[in-house]
Amino acid sequence: MEEFEEHAEKAKTLPETTTNEDKLILYGLFKQATVGPVNTSRPGMFNMRDRYKWDAWKAVEGKSKEEAMSDYITKVKQLLEAAAASS
């Protein structure tokens, strides 16, 4: 849990160049790790941003909170390494 929180803080330092796709993956894993499976209905078509976020969360709904935390940490590490390599 502590490592997860540490990486949630590190995720805030990711560069502007982080793709929306990667941000959505992190968002979905974060929600799954902290809240659990999707607990809201899918936003309407006029709210695309929230709809993409909802879909990213829905995509990982089969994962346990522990799995989601582990995947989140791995993803943040990958993105930070990629950012460091490209700078």
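A residue counts as buried under 20% relative accessible area, as exposed over 50%, and as partly exposed in between, using a 1.4 Å probe and protein chains only.

**Ground rules.** I am working with a predicted model, where local features need pLDDT of at least 70, side-chain atom pairs count only at pLDDT 80 or more, and totals for chains, interfaces and linings use all residues. I number residues from 1 along each chain as its sequence is written, and side-chain values use heavy atoms, with hydrogens and water left out.

**Glycine 62.** Glycine 62 counts as exposed because its relative accessibility is 73%. I also checked its distance to glycine 36, 26 residues apart along the chain: the C-alpha atoms are separated by 9.5 Å.

**Glutamate 9.** This residue sits in helix 1 (residues 2-11). Its relative accessible area is 48%, so glutamate 9 is partly exposed.

**Helix 3.** Which residues of helix 3 (residues 48-58) are buried? I noted Arg51, Trp54, Ala56 and Trp57. Helix 2 (20-34) is among what covers them.

**The fold.** I count 4 helices and 0 strands in the protein chain; helices (H or I, at least four residues) and strands (E, at least two) are DSSP runs, numbered from the N terminus. The order from the N terminus is α-α-α-α. The radius of gyration is 13 Å, close to the 12 Å that the globule rule gives for 87 residues, so the protein chain is as compact as a globular protein of that length. For that entry, the radius is taken over C-alpha atoms, and the rule is 2.2 Å times the number of residues to the power 0.38. Along the principal axes, the C-alpha atoms fill a box of roughly 40 × 30 × 15 Å.

Of the 87 residues, 32% count as buried. For contacts (heavy atoms within 4.5 Å), I took pairs with a separation of 6 or more, and residues 24 or more positions apart account for 73% of them.

**Record check.** UniProt, in an unreviewed entry, lists residues 1-85 as "domain: ACB"; such annotations may be inferred rather than shown by experiment. Over residues 1-85 I find 67% helix and 0% strand, with the end C-alpha atoms 27 Å apart.
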